[in-house]
Amino acid sequence: MAQQKTLVSLDIGSSKIRTIVGITQEKKNLINIIGVGISPSNGIRKGMVTDIDEAVSNITASLEDAERMSGEPIHRVFVGFSGPHIETYDSRGVIAINGPNAEITEDDVDRVLDAARAVSLPANREILRIIPKSFSIDSQHGIKYPVGMTGIRLEVEAHIIAGQKASIKNLEKCLYETGVDIEEIIPSNLACAETVLDKKQKELGVVLIEVGACSTNVALFEEGTVVSSAVIPVGGEHVTNDLAIGLRSSIETAEKIKIEYGTCLPGDVSDREEIDLSKISKSDSHSVNKKQVAQIIEARYHEIFMMVRDELAKVGRDGQLPAGAILCGGAVKMPGVIDLARESLQLPVQLGFPNDIEGIVDRVDDPSFAHSIGLLHFGNRYGGSRSLLDFDFRKMFGSLSDFFKRLLP
Ligand SMILES: Nc1ncnc2c1ncn2[C@@H]1O[C@H](COP(=O)(O)OP(=O)(O)OP(=O)(O)O)[C@@H](O)[C@H]1O
Ligand SMILES: [Mg+2]
């Protein structure tokens with residue numbers, strides 16, 4: 001019987017900090033959610049720590065809530081973070097094979113990934129993940145797992161996700177002060193995919209779009225793996241700021257208007273509907289036109305989706321993904337977002353909810369929990385590895401855990 005493990009995820013967002021405690025189940029993909037802790041995030045801006053004391057106090061509150069609910073003390077966490085400081089690169093590594101019979105070993109895969117990792121990054125960047133997209137042996141391309149095959153030249157096409165060193169260090173410092181150890185730091189766009197996308201979508205070709213408060217994370221999957229990813233520095237907070245400027249209201253009132261009355265579809269709103277701000281705010285007393293609110297919201301969401309479309313165009317996938325786009329993150333809860341995204345991206349679009357969970361599911365059945373639940377699944381599947389090979393390969397080649405350990409820097 002598979003041993004059950006308790007895993008904890010900590011999604012450090014710019015608007016919320018979410019801790020989730022889950023227990024892995026005998027059925028390999030299922031996680032039983034037993035604790036949830038949510039706190040506001042006041043010391044983090046754009047994915048970076050701006051006030052250590054505030055961040056530590058918010059993280060502690062979130063951890064303590066989850067501990068109370070689950071009855072489990074938290075010692076180690078899978079940390080997820082995102083933000084415009086995350087950058088992605090494509091890289092290539094090549095090595096000669098010189099073992100007996102020219103058979104490729106796990107060490108060779110290790111070496112070729114190291115060669116791809118040796119890309120010249122700016123000094124202030126740190127690699128968070130290296131994802132092998134495909135291997136080539138001599139002139140044979142498109143190999144997913146080369147160990148055991150024969151050849152004299154092994155090549156890898158890899159995708160690298162890197163973060164700003166200082167931001168990662170500051171985050172580590174905050175976690176150190178809260179007294180929990182970091183199991184791993186995992187970029188958001190990889191984590192969300194683990195719970196929101198299914199295997200078939202990843203095989204066919206799909207783009208995952210997570211619209212958070214400060215940024216929008218985009219990850220493109222084909223043939224089962226990430227082939228490209230990007231972070232766009234615009235999110236739900238920009239929608240709120242536009243409303244505050246356009247309606248001459250405070251940011252707090254703009255956020256309330258957005259959540260209570262917002263829609264991406266101005267065509268569905270009558271010209272005459274007014275919102276009396278004195279009903280939702282102490283500081284604002286004028287009325288605003290509901291159609292104007294929808295127009296402001298539509299303009300910013302349209303801009304976000306067109307930026308995603310530009311990213312897809314860069315890799316030749318604009319309007320051309322069989323499994324379409326899946327949306328997650330807090331900001332995709334805006335009414336009308338699916339219609340607007342479908343029109344802007346020219347793709348089929350669906351909302352992405354966390355999957356493969358049981359327990360207190362009602363607390364997390366929401367696209368804004370995709371990141372935190374995805375972190376648990378990611379930790380369960382690839383925990384301890386710095387590279388990312390398809391889960392099934394590990395199953396097939398059972399002894400791969402040593403291989404993953406060797407990939408740690
Ligand atoms: N019902 C809703 N309708 C529209 N927008 C919403 C709704 N609920 C939350 N949002 C917006 O979603 C954003 C927060 O999303 P999320 O919780 O995914 O962000 P985060 O993880 O804290 O931030 P980030 O990932 O950018 O660091 C905010 O801008 C908020 O206004
Ligand atoms: Mg987030």
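Below is a short chat about this predicted model.

Me: Which domains does the assignment give?
Reply: Domain 1 covers 87-163 + 394-407, and domain 2 covers 237-300.

Me: How far apart are their centres?
Reply: The centres of domain 1 and domain 2 are separated by 50 Å, taken over C-alpha atoms.

Me: Switching to the sheet. What's the strand order in the open sheet of six strands?
Reply: The order is β11-β6-β1-β2-β3-β19, and the pairing is mixed. β11 (181-187) and β19 (357-359) are the edge strands, each pairing on one side only. From one strand to the next, the twist averages 35°.

Me: How many bridges join β2 to β3?
Reply: Nine. β2 (residues 16-24) and β3 (residues 31-40) run antiparallel. I17 has S39 in β3 as its bridge partner.

Me: Which strands does helix α3 lie across?
Reply: Helix α3 (residues 165-178) lies across β1 (6-12), β6 (76-81) and β11. It runs at about 145° to β11.

Me: And α4, what does that touch?
Reply: Helix α4 (residues 188-196) packs on the sheet and touches β6 and β11. Its direction makes about 90° with that of β11.

Me: New topic, α9. Which of its residues are buried?
Reply: In helix α9 (residues 337-345) they are V337, L340, A341, S344 and L345. Viewed down the α9 axis, these buried residues fall within an arc of 110°, so they line one face of the helix.

Me: What do they pack against?
Reply: The buried residues of α9 pack against α8 (290-314), β17 (325-328) and β18 (349-351).

Me: Which residue takes a positive phi just after α9?
Reply: Q346, with a phi of about 55°.

Note on methods. Residues are numbered from 1 along each chain as its sequence is written. Chains are lettered from A and ligands numbered from 1 in the order in which they are written. This is a predicted model: local features need pLDDT of at least 70, side-chain atom pairs count only at pLDDT 80 or more; totals for chains, interfaces and linings use all residues. Domain bounds come from an automatic or database domain assignment. Two strands pair if DSSP finds at least two bridges between them. Helices (H or I, at least four residues) and strands (E, at least two) are DSSP runs, numbered from the N terminus. Axes are lines fitted to C-alpha atoms, for helices over the stretch in contact, and angles run from 0 to 180 degrees between N-to-C directions. Two residues are in contact if their C-beta atoms, placed from the backbone, lie within 7 Å. A residue is buried if 20 or more other C-beta atoms lie within 10 Å of its own, exposed if 12 or fewer, and partly exposed in between; C-beta atoms are placed from the backbone. The arc is that of the directions from the helix axis to the C-beta atoms.
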